[in-house]
Structures are given as C-alpha cells and as structure tokens.
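Please find below a note on the two-chain model under review.

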Amino acid sequence: MLHRLRFVPGRIVQAIPVAIGVTILVFLMSHLLPGNPAVALLGDRATPDRVAALSKHLGLDKPLWLQYLIFLGNLLRGSLGESLSYQQPVSGLVLHAVPVTLSLLLFALVLSLLISVPLAGLAATRPGGARDLAARTFTLLGQGMPQFWVGIMLILLLAVKVRAFPVGGYGDTAADHLYYLFLPALTLAIAMCPTIIRSLRASTIQVLGSDYIGTARSKGIAGAQLFRTHVLRNAAIPTVSIIGVNLGYLVGGSLVIEKVFAVPGLGSLMVNAIFARDFPIIQAVALFVALFVVVVGILTDIVYTLLDPRVDLAAAQGAAS
Amino acid sequence: MSEQPLLSVRGLTLGIRHKNDSVTTIVDGVDFEVAEGERFGIVGESGSGKSLTLRAIANLLPRGVEVLSGSIDYRGRDLVRMPADGRRRLAGPEIAMIFQEPMTALNPVMKVGEQIAESPRRHLGLGKEEAHRLAVEMMRRTGIPDPARRAHAYPHELSGGLRQRIMIAMALSCSPKLLLCDEPTTALDVTVQHQVLRLLERLCEDTGTALVFVTHDLGVVNQTCRELAVMYAGGIVERGKVKEVFADPRHPYTKGLLDSAPDFDRPDHELVAIPGFPPDVFDRPAGCAFAPRCVYAVDHCLEASPPLEPVLPDREAACFESATIFERTPA
C-alpha cells in the first residue's frame, strides 16, 4: 500500500518552484495596487516629509527587486514582516487566524459530505424519480444562490428569527467554536454541495449499472451494505478530485463568509488589511491561501491513490520523466 | 419428493411493460427443468433471450425488464413470487452466479480474498478470520498458485484466467446447489477456456452442484453439458441430450447452427451461414420466428407459431415440418 505513495516527496519538491512563483506574484500584486501604504497609514494630511520618512523606515524607497529579496529573506527566517496597522508581527496574527479558517473549511467539508453523500445516493438509486428530482432541484438552488446572500439569509432565519445560533463570532471553548462555526460552515457547504452531488450522483448511477454490483447482488448483498462496501468507494473516486479542485474555490468563499459572520479567521484579517492597505498581512494571507491550495492538491492525490488501487502515480511519474 | 427437479422453469415470459400498458415480450414461455447435480446448457445467438432467462433465475433482471408470467420453482418454491429478502437469503448458499467478464464482474477496489469471503461471512456466519481462511482454501481448490498471497491482490493485478478462477471460487464458496454461468469462458483464451471448463466441471461434481450454462459456443456446451436447450428469438426451439442433438438435430435452426460451426473431425466440411438476421424484439414475425430465415419454411410456418413438441424419445422441437425435413434427410 505505502509503496504507492512514493510519489509524495517528488510532488513536494515540485511544489517549491510553484511556491516561489506565488511569492513573486503576491509581492508584486500588492505593490501594483494604487496608494502608498505610508500615505494610508499616516492619513491624507500627512506632510511629504513624514511620508518619505515612513517610506524609508518601511523600505518602500528601495528598488522593487531589492524589496522582494528582503521579503523573501525574511520569509525564509519565518518573519512575515510587521503589520502596518496593528504594529505587530504578521506571523503572530496569521498563525492566530489560520486554525480558525482551517476549522471552518474542515467543518464545511464534513457538512457538505454529510449532505451530499446521502442525497446523491438517494438520487442515483432511481434516476428520474421523485427523490432524484428533489436532489437536482437542491443542487440548482445551491448553485444559483450567492454565498454571501445564503449567509445573510441563514443569519436572519436561524440566528435572528429562531435564535438557534449566534449571529457571528467564534466563542472561547472548542464546543463553542463548533457552535459558532456551524452557520458559516453550512453556508459554505451549501455552495460546495451541488458540485459534489452532481459528480457523485453521476458516478453512483454508473457504478450501480456495473457488472460487479450484479456480482455483489448475486451474493445476496443489498441495500445499505451494498452501498457501503461496493458502491461508495468506487463512486467516490472521481468525486475526490472534484472536491480537491473545489476546496481551492472554497477558500476564496470562506474569506467573504468569515466577514459576514465576523469569524476572526484569515478572511477577516485579509479584508481589514485590504482596507488599511496593510501590505504585509495581504501578502501573508495570499501566500498562505496559495500554499494551502498546493497542499490540498497533494492531499487529493494521496486520497485518490489510497481509494483506487489501480492508480500508481509514482509509476506515472517515472514514465513521464 | 425425490423426483422433484432442483429447478423447474415453467412458461417463463419476460418483457418490458410500457407506460401505456402495452408490453414488449422478450422471452416467451420458456420451459425447462434441471435435476440436482445436472449440467444444462442454453445455446443461442446474442439477443435470443438466453442471458435474460438466466438473470431472471438469479433475480438480476436489468431495470425495466420484468417477469410477465410463468414461474421459476427452486426446490418447489416459486422464486418469482418470493419476497425480496427470502430471495437474497438464497443468493450465495443456494444459487450462485458466474459472469462473462471476469474483469468487470469483480469490484476493482476490493481485494479478491475479501470478495470471496463476503458471501461466507454473510450466509454462513463466519468471522473475518475463518472467512478469509475459507477464501484462501477456495482459491487453492480453483488451482490458483500461492493463494495466501494472491488473496491480497486486487483484480487488476491478476490475469483473465485467474480472475475467472476467483469468480468460480466466489460462486462456490458457500457450496451452492445451483450454479448459473453466463458465458463464463467467452472472454478467455481458448487454452485457458478449456482449463476453466474442466475446473468448473470437477468442482461441481465434487460438491454435487447443478449447472445452468448459457453460451453461444456450441463446442463449450458439448464439452460441459449433458442436456441442452437451443433458444431463438426468445423461445426454446429444440431441447434434448447434447450428444443426441449434435448428432441428429431436429430443428432447422439447430441444424443451421451446427452447419455454421467448424468441425475438426470433418475438416473438408463446408461451413454454411444461416442467411438473414434474428428478428427485432419489437417486430417479431407472426408465425414461427425462424420462418423468414428458414430454407424449409412453408406457408403454414408464417401463420402460426409452432409449439415445443416431442419429436423423438427425450427430444422436443418447435417446428411443424420437423418430421418431414429430417425424415427426408437423415443425418
């Protein structure tokens, strides 16, 4: 089993040039935004002298390539610079926010699987039937509604009207976190579900029609046991890669949703930093998100390999090189 | 009671029921019996309904196709009218099935040992360890080398012949009384085909398992079965003992099939194809389904459908002209 994961170290090495590219993009993009951070920090009425002094202090007067090298050097030493607006090391701020965002994403992923797997299974057992129609209507609705609007509606419905959940925030204990993150996670899950349901429904229909399901039935296996042992793992294989791709989009969505629900994660940090033109934070968050997507890509390949014994990415890599 | 056949199919009619209540009949009134330990072959072209008949016995009819009338009695109990969970209890320990494509008929993401162990765990109440031991033993009995190691292989890691042996091990793991084989050797090389047939025969003899063997390959039936039914366009056209039917066919279609198959004992014997194609399910002729292709057909054949009637001792054929045709040209 493990020998099929030989591809992982190679994949990590491949990720290094990607990461360097990401740092260049992240560094450049924040510098291409209009407005000098020194001006932003000091306000409109600052004298040119003070702006110049602060620019010199922040290193903004140095040539761009030198600024990048300094940025990269600091990065390698684990320093992401100092936040302009918070006057604190960025690494501390980001490290504080990362677990929040990761829990939110994980929670959203678990919720979307809890919703999608049964719905897709029900829809696939009788394509064109009533349950299939219901599941497909749900996917259409889920796809048609903008995430932030779904979030606001959930707040209005479940937090303001019914008062079952908090309007926003994160809470203090682990149980609190789950409770506070439920609505934002559900919002993200509703956005994620349609893609999963569509893919899983299609692959389940295909699997149910395959010969080995006939074999399993000829052994007297049916119902939930059939679904668990023979259908799900086979049907999940194409869906896993789709989830992997969509997790990247989900991060983007989570940044906005965090703001809607006042969750103190990377999204809130990022949005505040954008308004404050706080370059170091923007860079750090963008960098983190990009690396997250790279890691998710590798994880997807690992899950894919573990699910499907026919896949040997190490052999594929060897053949390609 | 001892005379009761193991399997008795009576007037089995399969078809599709459409939304407007009209029906398309695919298999029409099939009758046959299989005694305990017997080996029975069903021969026919693609679309003759032989596989569907087998799938009806196995309760694996494709969605939309249903039993319109008739009965399938297994040890005196009608499978057609049996509740679903009762039928599932029979699937495995009483009635097992082997499929045509050993590649697609095995779950690609499950170790073959686990797939063999599944049925004994469910039906014989064996624990994980015991079932695994039984699976390895079954693999050994089907002649798979190094079964303890191979039990941990996935289907794609094995050759076609080994995969079909896995299928056989799986089907026989609960010592069924009846084994349904849907062209089990069609996807295999001829040499492997022969080994697998011998193996099936030997194992069924050991366990006293009866065999219903569906194939389009006359040679395979000749090697494996004692009795056979020839199916054409959803019905049985001739039934009897394999050796006798091969030596002296009594239906023009059976004769056509035999004439179109190579015979190595008579290498200079010219192969004769049956002209035309089998009729479309949705557009069956009014009279004998074979009449449009039959060189012996007379007017009467186009008007009425001939019943399956005794023509010789132990022989039945569905042909009005059988007596005239075959008396005139003795084989």
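**Notes on the model**

1. Of the 321 residues in chain A, 34% count as buried, a residue being buried if 20 or more other C-beta atoms, placed from the backbone, lie within 10 Å of its own. This is a predicted model, in which local features need pLDDT of at least 70 and side-chain atom pairs count only at pLDDT 80 or more, while totals for chains, interfaces and linings use all residues. Residues are numbered from 1 along each chain as its sequence is written, and chains are lettered from A in the order in which they are written.

2. Chain A has 13 helices and 0 strands; helices (H or I, at least four residues) and strands (E, at least two) are DSSP runs numbered from the N terminus. Along the principal axes, the C-alpha atoms of chain A fill a box of roughly 85 × 60 × 35 Å. Among contacts in chain A between residues at least 6 apart in sequence, 70% join residues at least 24 apart; a contact requires C-beta atoms, placed from the backbone, within 7 Å.

3. In chain A, helix 7 (residues 147-161) packs against helix 8 (residues 174-208) at an angle of about 135°, the axes being 9 Å apart. Axes are lines fitted to C-alpha atoms, for helices over the stretch in contact, and angles run from 0 to 180 degrees between N-to-C directions. Helix 7 of chain A is therefore oblique to helix 8 of chain A; angles under 35 degrees count as roughly parallel, over 145 as roughly antiparallel, 65 to 115 as roughly perpendicular and the rest as oblique. Residues of helix 7 of chain A in this contact include Val150(A), Leu154(A) and Leu158(A), and those of helix 8 of chain A include Leu183(A), Leu186(A) and Ile190(A). The contact divides into 10 nonpolar, 3 polar and no charged residues; Ala, Val, Leu, Ile, Met, Phe, Trp, Tyr, Cys and Pro count as nonpolar, Asp, Glu, Lys and Arg as charged, and the others, Gly among them, as polar.

4. In chain B, the axes of helix 6 (residues 160-172) and helix 7 (residues 190-207) come within 10 Å and cross at roughly 15°. That angle is why helix 6 of chain B counts as roughly parallel to helix 7 of chain B. Among the residues making the contact are Gly160(B), Gly161(B) and Ile168(B) of helix 6 of chain B, with Val196(B), Leu199(B) and Leu203(B) of helix 7 of chain B. By class, this contact has 7 nonpolar, 4 polar and no charged residues.

5. Strand 9 (residues 227-232) of chain B is mostly covered, with 6 of its 6 residues buried. Glu227(B), Ala229(B) and Met231(B) point one way from strand 9 of chain B, whereas Leu228(B), Val230(B) and Tyr232(B) point the other way.

6. Strand 9 of chain B runs parallel to strand 3 (residues 39-43) of chain B, joined by 4 bridges; strands pair if DSSP finds at least two bridges between them. Phe40(B) stands opposite Glu227(B). Strand 10 (residues 235-241) of chain B pairs with strand 9 of chain B in the antiparallel sense over 6 bridges, and Ala229(B) stands opposite Arg239(B). These two strands form a hairpin with 2 residues between them, and Ala233(B) in the turn has a positive phi of about 50°.

7. The contact between the chains takes 22 residues from chain B and 18 residues from chain A. On the chain B side, helix 3 gives the most, with 4 residues. The residues of that side divide into 11 nonpolar, 6 polar and 5 charged.

Technical notes:
Two residues are in contact if their C-beta atoms, placed from the backbone, lie within 7 Å. A residue is buried if 20 or more other C-beta atoms lie within 10 Å of its own, exposed if 12 or fewer, and partly exposed in between; C-beta atoms are placed from the backbone.
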